Amino acid sequence: MANEEQSGQGSPEQLVLSGVWHSHYTYESTGRGPITRHHYVVVRQEGDQLTVESLPDSNDSPVTLSLTLRGPIATGTWTEHTAADGYYQGAVYHGALQLIVDPTGRTMAGKWVGFDKELHVDSGPWALDLMDAATDDATLERYNKSPHTSKAG
């Protein structure tokens, strides 16, 4: 069994990841240097499938992730719809993502890969930190704001 867990083939039922998470990833902007984007996202889990969507008011460029969980490894795709009136003028970016889930199920960290504005393949860190395991309407409303305006010590 230890070999299965080390190879990422353990049982997905070991981890329950639904909840509200603080998502943050970094990329190198060709015109502005390194940028870190922050979102509050809701993770919904059905078996080994994770659907991740940013809360509407947490960032003006929403992200979605579709991940498959194999043991502590979450692998899948990401999409970002940049703000229509922002620097990238409504461009849609997408790529692949692989995250390692901490044994406590409270953090996920790894790397994304995708193309940039000049159609070069780029990559960088992506991490998610659990904020609240609840996904009820009141919890989602509490986190439906920018992570920058709600940092609590």
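A pocket here is an open set of grid points with protein on both sides within 12 Å along at least five of seven lines, and a lining residue has an atom within 4 Å of a point. I needed that wording before looking at anything else. The model is predicted.

**Entry 1: the pocket**

I looked up the largest pocket. It is lined by 26 residues. Which of them lie nearest its centre? Tyr27, Glu80, Thr82, Tyr88 and Tyr93 do. The space inside comes to about 370 Å³.

Next I asked which strands supply the lining of the largest pocket. β1, β5 (73-81), β7 and β8 each give at least two residues. The largest share comes from β1, with four residues.

**Entry 2: the overall layout**

I then stepped back to the whole chain. I found two helices and eight strands. Along the sequence the pattern reads α-β-β-β-β-β-β-β-β-α.

How are the eight strands arranged? They form a closed barrel in the order β1-β2-β3-β4-β5-β6-β7-β8, and the pairing is antiparallel. Neighbouring strands of this sheet are turned by 25 degrees against each other on average, direction ignored.

The protein has 153 residues, and 43% of them are buried. For contacts between residues at least 6 apart in sequence, 43% join residues at least 24 apart.

**Entry 3: strand pairs**

I checked β1 against β8. Strand β1 covers residues 19-29 and strand β8 covers residues 121-132. Six bridges join them, and they run antiparallel. On this pair I looked for the residue opposite Trp21 and found Leu130 in β8.

β8 also pairs with β7 (residues 107-115). How many bridges link β7 and β8? I count nine, again in the antiparallel sense. Met108 has Leu128 in β8 as its bridge partner.

I looked at β3 and β4 too. Strand β3 (residues 49-54) and strand β4 (residues 63-70) run antiparallel and are joined by five bridges. Thr51 is bridged to Ser66 in β4.

Most residues other than glycine have a negative phi. I therefore noted exceptions to that rule, as most residues other than glycine keep a negative value.

Leu119 is one of them, with a phi near 60 degrees. Leu119 sits in the turn of the hairpin formed by β7 and β8, which has five residues between the strands. Is Leu119 buried or exposed? Its relative accessible area is 68%, so Leu119 is exposed, the cut-off being over 50%.

Gln89 also has a positive phi, near 50 degrees. I located Gln89 in the loop between β5 and β6 (92-101). Gln89 counts as exposed because its relative accessibility is 65%.

**Entry 4: a buried threonine**

Last, I looked up Thr139. It lies in helix α2 (residues 137-142). Why does Thr139 count as buried? Its relative accessibility is 4%, and buried means under 20%.

What does Thr139 touch, not counting residues up to four places away in sequence? I found Val20, Asp132 and Ala134.

Notes: Residues are numbered from 1 along each chain as its sequence is written. This is a predicted model: local features need pLDDT of at least 70, side-chain atom pairs count only at pLDDT 80 or more; totals for chains, interfaces and linings use all residues. Side-chain values use heavy atoms; hydrogens and water are left out. Two strands pair if DSSP finds at least two bridges between them. Axes are lines fitted to C-alpha atoms, for helices over the stretch in contact, and angles run from 0 to 180 degrees between N-to-C directions. Buried means under 20% relative accessible area, exposed over 50%, partly exposed in between (1.4 Å probe, protein chains only). Contact means heavy atoms within 4.5 Å. On a 1 Å grid over the protein atoms alone, a cavity is a set of points where a 1.4 Å probe fits but cannot get out, and a pocket is an open set with protein on both sides within 12 Å along at least five of seven lines; lining residues have an atom within 4 Å of a point. Grid points are joined across faces, edges and corners, and a volume is the space filled by probe spheres set on the points.
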